[in-house]
Amino acid sequence: MKRRLDVGTVIVLMLLVATVTWLVAQWQTTEAYNRQIERTMRESKEFEKVKRAKEYIESSFVGSWDEEKLLDGAVRGMMASLGDQWSGYLNAEDFQDHKASMDNRFVGIGVSVMYDHDTGGICIVEVYNNSPALDADLRALDIIVSVNGLPVSGMEYLVAVETVRGEANTPVMIGIYRPSDDRTFEIELIRREVNVESVRSRILEGDIGYIRIRNFERGTDIAFSEAVTNLRLAGVRGIIFDVRNNPGGLKQVMLPMLNLVLPEGLVMFQSREKGGQMQQEISEGEGIELPMMVIINDRSYSAAEFFAAALKEHGLAELAGEPTTGKGYAQVPIELPDGSGIILSTAEYFTPMGVSLADAEGLTPDYTVRLTEEEAAMFYVLEPGEDRQIVRAYDVLMRKAGAIEAASDTGDGGDAGGDAGGGEGDAGDN
C-alpha cells in the first residue's frame, strides 16, 4: 500500500527547500560581496601612493599642470615599469591611429618601421609609395632618432612610433641618422593618410611564383589567398614566400594563411595565455602540393616568424636569408574609458613543435645569405635577380622543382625535401 503525503507535509517540504535555496543564495551573495570589499580595499591601498602624489600636486605645486596629461603619465609609467618593450600606453589620438593601422591604413609619413636595438631608435624598413617619406627621399635603414626635437631613445617604442603619426595635414619634424652616409639631419614632413599594399606577387623566370608579405594586418589573408590562387592557376612550379622586414600582425589573419598552405590535420600554431593551457590550431586545408621556400631576416617578427616556422617544422619549406630576432609574446590593444589604450602582452606563442621563439632567439635559416648595408638600403628597389637572398631561394627551389619533375617523369616518387648542398656556411654565404 502506497504511503500518501498530506497537503500540510508538502507545504512544509516546499518551504524547507525554499529556505535552503535562499540561504545558499544569500551565502553566495555575501561571499561575492566580501570578495569585492577585499578587492576594493586592496586596490585602495595599492593606489594610495598615486592618490597622495596627486593631492600634493593639486595643493602645493606652484606651476601649471594638465590633469589629463598627469593621468596619461601615470598609466604610461605603469606600462613602462613592466620592462616589456612590446607593451605600452597610447593616448586617445594615438590609440585611434593604431587601430586604423591594423586595417592597413594610417595617417603618418608613410614608412614601415622596427625597433633598432643598437641605437634605441626607430629603423625604417620600408618607404611606401605615394607617401610624404618617399617625397622627402627617406630610405630603408634610415634611423629616426628624434621626433619634434625629442630623442626617440628616451621614449617607449610604441609611443615613439605613434608620435610620428598624427592628424592629417599637420607637420612633424623628424631627426634622421643615415648609416650609409654616417650623417644626421632633420626634415619636416606633412602627415597624410597612407594605404598599405600588404601582399605583392609575381612570376619569376622558370615559372617560379614569388609572394611578398608585408604584414599580417586585416585584409592580408584575403590578398594572400588571391595571390596563391592566381599563381597556382598560372601553373607555377614552386612558390617563394618573402616575409623579410615584416613586423607581424594579427593571429586571426595568419591562421587562414597557414590553413591555405598546410595540409589537413597539421598543427599550425600553439599559444598559451596567462595561467592557461596550451592551445593548438589545426589546419583544415588541402595544402599546396608544390615545393616552397621562405625568405627571412632579422626584421621578420612575430607572425612572420611563426608563418615561416610552421612551413619549416612540417618539412614543407626551407628558409633562406638571415636569422630572425625572436618575438614570442602576443599583444592585444585594450581601449580605456577615455579612448586611450594600452598595448599589453597577454599570451605566449609557440611553433607547431612547441618551440618558444623568444627562448630560442628566433629562427635560423637553412641557407644563410647576409645582405650588405648597401644592398639592404636598396631592399625595396632591387630586382629579384639583384637580391642575393631571393637568388639563393630561387636556385634552391629550381633544383627542388627539377628533381620532383624528373622523378615524376621516371615514375619514381623522389625526395621533395631539403637540398643536399644547403645549410649554414654553404658556399657564397656572407
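Predicted model: local features only at pLDDT ≥ 70, side-chain atom pairs only at ≥ 80, totals over all residues.
Let's look at the helix itself. α9 is mostly covered, with nine of its 11 residues buried. The buried ones are A303, A304, E305, F306, F307, A308, A309, A310 and L311.

## The nonpolar cores

Now to the inside of the protein. The largest nonpolar core has 42 residues, and the members that touch the most others are I211, F216, F224, F241, V294, F307 and L311. Helix α9 (residues 303–313) gives this core its largest share, eight residues.

Leaving out residues up to four places away in sequence, F307 touches I213, F216, F224, F241, V243, M254, M257 and L258. Another core, of 20 residues, lies apart from the largest one, and I109, V113, L138 and I174 are among its members.

## Helices α7 and α8

Two packed helices are described by the angle between their axes and the distance between the axes. Here, the axes of helix α7 (residues 220–233) and helix α8 (residues 251–261) come within 8 Å and cross at roughly 20 degrees. Angles under 35 degrees count as roughly parallel, so α7 and α8 are roughly parallel to each other. Their crossing is right-handed.

Which residues make the contact between α7 and α8? On the α7 side they are T220, D221, F224, S225 and V228, and these meet Q252, V253, P256, M257, L260 and V261 in α8. The residues of this contact divide into seven nonpolar, three polar and one charged.

Key: Residues numbered from 1 in each chain as written. Heavy atoms only, no water. Core = buried A, V, L, I, M, F, W, Y, C linked by side-chain atoms within 4.5 Å. Buried < 20%, exposed > 50% of the residue type's maximum accessible area, 1.4 Å probe, protein only. Helix = DSSP H or I, 4+ residues; strand = E, 2+ residues; numbered from the N terminus. Contact = heavy atoms within 4.5 Å. Axes fitted to C-alpha atoms, helices over the stretch in contact; angles between N-to-C directions. Parallel < 35°, antiparallel > 145°, perpendicular 65-115°, else oblique. Left-handed = near helix turned anticlockwise from the far one by under 90°. Nonpolar A, V, L, I, M, F, W, Y, C, P; charged D, E, K, R; others polar.
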